[in-house]
Amino acid sequence: MRHRHVLQYINQHFKVKLILVLSVIIIACSLVTGYASYRIYLNLFESEISKQYLNTSKQTIEQIGFKIQDMYRITDFIFFHPLIEQIVQGMHTEPADGESKEYRRFILERDLADILLPVKNETPQIRALYIVDLQGNNHYFSHNSPSMQLEFPEFYEKVKSGLKNQSAELVWQRLQISDSSEPSGEKSHLVAARLLKSTKQQTVYGMIIMIIDESFLASPLDSLMEGRTTGAYIYDQYNRLLYSREPEGGGGFVPDGAHQEGTFTQRNDGNDYLFVKSTYDPRSFTLVSGISLADIEAKGRSVYQVALISGLVSVILMAVSVSFFSGKLLQPLQGLVGAMQQLRKGNLQVEIATTSNDEFAFLAESFNAMVANIQSLIQEVYVSKLSEKEAELKALQAQLNPHFLYNALNSIYWKIMLLYDDAETASLVTSLSELLRYSLASISTPSTLQEELAQIRNYMTIQEARHGEGLHVSIEAEAELAKCGMQRLLLQPLVENVFVHAFRDQTADKRLSIRAFRMHAEMHIEIEDNGCGMDVEAIHHMTKDQSAYDPHRERESIGIRNVIRRIYLVHGEPYRLDIQRLRQGTLMRLILPCVAYESKKGGGEGEPTASG
């Protein structure tokens with residue numbers, strides 16, 4: 001009930017409706033502009049962040065690339081050193097006379113250690129360096145972590161299984177290595193291995209295995225891991241994940257789009273992340289790192305909230321302003337409402353004083369003019385009442401005149417038959433009387449093809465008496481079409497047009513044929529004569545123009561135009577009147593719907609039913 005009173009109060013007060021409408025408009029505009037600003041700000045911020053983050057990622061992968069190049073430089077030193085090849089292959093040769101295998105091995109390993117001593121001193125990031133032969137025998141090892149426990153050739157076979165092919169390329173792997181210093185007994189290390197090939201025969205004779213601490217790749221990622229970075233992932237030249245670093249406390253995840261180029265976004269656990277991909281082209285190493293967009297979206301939402309709050313503040317200020325100024329601005333409207341209330345009570349002496357030149361002044365002047373017109377119309381009603389009976393009597397007299405003529409023709413018919421016994425003249429009177437009776441009915445009264453053709457026969461009786469034996473008329477209609485309904489007096493203007501125009505200058509052998517037949521669901525009525533024929537241009541104007549008025553030949557075509565117009569208004573497309581000029585004469589074809597009328601019980605007007 002309270003809601004109903006509130007709605008009634010709103011409907012009755014223009015000021016309240018104005019405030020509500022303006023409030024809705026302002027709130028809607030605030031929502032749209034706020035959301036648009038939020039999306040624009042978010043897109044711009046994402047674009048800027050992605051550019052900055054991509055630059056940082058490129059700098060990071062360059063630093064990592066320089067370190068990887070150092071590993072290649074170290075392995076190149078070993079790979080291309082001629083003495084190392086001789087020492088490793090010499091491990092399997094027979095010792096000289098008087099020299100034991102153990103002594104020879106000791107001497108070779110000492111020479112190998114002397115060659116690799118600079119490498120050991122210059123690369124503290126390498127925790128262990130091994131040179132093994134093809135059987136997995138370790139001929140040289142150097143490590144600065146005695147807690148690592150490796151068994152050869154088992155470790156050699158494990159590293160060898162990770163090699164992609166027999167090329168001399170440096171291959172990186174991430175393996176769990178036994179380490180007694182770790183509580184779990186294992187520690188993850190980077191392992192870089194490279195096959196040793198003879199520089200002359202290009203045959204493989206051994207392998208370099210380097211165990212590198214993960215800090216080797218982790219230290220360049222420090223600047224990249226600041227902020228809300230979700231993780232950094234390094235892939236080797238075979239697109240295998242070599243190293244990953246995720247933020248402390250978890251929350252990181254390996255992206256699905258690591259094979260994409262440039263920047264891409266991915267959603268995880270309801271949050272969006274922006275990932276950038278950078279590649280170190282000389283060695284095809286790739287760095288994929290991501291940053292959370294939660295902060296960016298949070299700032300965008302703050303912009304959206306500010307827009308909403310500003311919209312609400314605008315609504316409050318607007319409501320106060322409208323309430324303050326509407327009293328004066330809407331005062332003419334209140335005066336107009338009061339005057340209308342007095343007019344509803346019957347006070348015709350009310351008048352509104354105009355105090356401005358705006359739209360309200362126009363309404364006030366219009367209201368005063370309306371009241372004056374009402375007073376004038378009330379006075380005119382008394383005058384019209386006095387002449388109402390006289391007009392009614394004249395209308396009745398005009399209606400009775402045709403009926404009087406019809407009754408008079410009936411009287412003449414009986415007089416001719418009884419007194420003069422002239423059946424031919426009596427037949428003409430009867431035909432004229434039937435035509436008159438048929439035409440007195442309303443144009444909207446339903447008729448049938450049978451009734452229309454009966455009136456055409458009455459008309460032919462009169463025309464045959466006038467034209468004599470020179471007129472030959474044929475009327476044929478299929479029996480099933482007798483009850484098909486059609487508009488009243490639709491054939492009469494067309495048949496009359498034949499006698500007025502087609503037979504105008506013809507004195508003998510006047511032939512008129514009327515045929516009615518059914519074609520599918522349509523009733524076709526053809527009226528064909530052998531008269532002078534109709535001009536082709538006139539046919540075109542009459543059939544294309546749907547109006548009933550011809551400015552050039554009004555009297556000659558008004559009947560045909562009337563038929564065309566009535567068919568168009570009652571039935572519409574595709575029903576029509578087609579006119580065709582023949583070699584001698586004219587063919588007019590009516591195309592109408594085939595609908596039968598069945599009489600109601602009690603003798604009322606017919607009801608249309610579909611004709612089968």
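Trainee: Which residues are linked in a network of salt bridges?

Mentor: A salt bridge here is a side-chain nitrogen of Lys or Arg within 4 Å of a carboxyl oxygen of Asp or Glu. R515, E526, E528 and R589 are linked in such a network, and the count by this rule comes to 13 salt bridges. The model is predicted, so local features need pLDDT of at least 70 and side-chain atom pairs count only at pLDDT 80 or more, whereas totals for chains, interfaces and linings use all residues. Residues are numbered from 1 along each chain as its sequence is written, and side-chain values use heavy atoms, with hydrogens and water left out.

Trainee: What is the make-up of the protein chain in helices and strands?

Mentor: Helices (H or I, at least four residues) and strands (E, at least two) are DSSP runs, numbered from the N terminus. The protein chain has 14 helices and 19 strands.

Trainee: Where do E109 and R105 lie?

Mentor: An α-helix has 3.6 residues a turn, so residues three or four places apart point the same way. E109 and R105 both belong to helix 4 (residues 101–122) and are four residues apart, about one turn of the helix. They form a salt bridge whose closest N and O atoms are 3.1 Å apart.

Trainee: Are E109 and R105 buried, partly exposed or exposed?

Mentor: Buried means under 20% relative accessible area, exposed over 50%, and partly exposed in between (1.4 Å probe, protein chains only). E109 is partly exposed at 27% relative accessibility, and R105 is partly exposed at 31%. Another salt bridge joins D111 to R110, with 3.9 Å between the closest N and O atoms. D111, at 29%, counts as partly exposed, and R110, at 41%, counts as partly exposed too.

Trainee: Which parts does the salt bridge between D213 and R127 tie together?

Mentor: The side chains of D213 and R127 meet at 3.7 Å, N to O. D213 lies in the loop between strand 5 (204–212) and helix 6 (215–218), and R127 in strand 1 (residues 126–133), so the pair ties together parts that are 86 residues apart in sequence. R127 is buried, with a relative accessible area of 12%.

Trainee: How many bridges join strand 8 to strand 9?

Mentor: Two strands pair if DSSP finds at least two bridges between them. Six bridges join strand 8 (residues 263–268) to strand 9 (residues 271–280), and the strands run antiparallel. R267 stands opposite D272 in strand 9. The two strands form a hairpin with two residues between them, and D269 in the turn has a positive phi of about 55°.

Trainee: Which residues touch the most other members of the largest nonpolar core?

Mentor: A nonpolar core is a set of buried Ala, Val, Leu, Ile, Met, Phe, Trp, Tyr and Cys residues joined through side-chain atoms within 4.5 Å. In the largest, of 49 residues, M71, L129, W172, M210 and L221 touch the most other members. Helix 2 (residues 14–79) gives the most to this core, with ten residues. Apart from it lies another core of 37 residues, among them L490, L491, A516 and M523.
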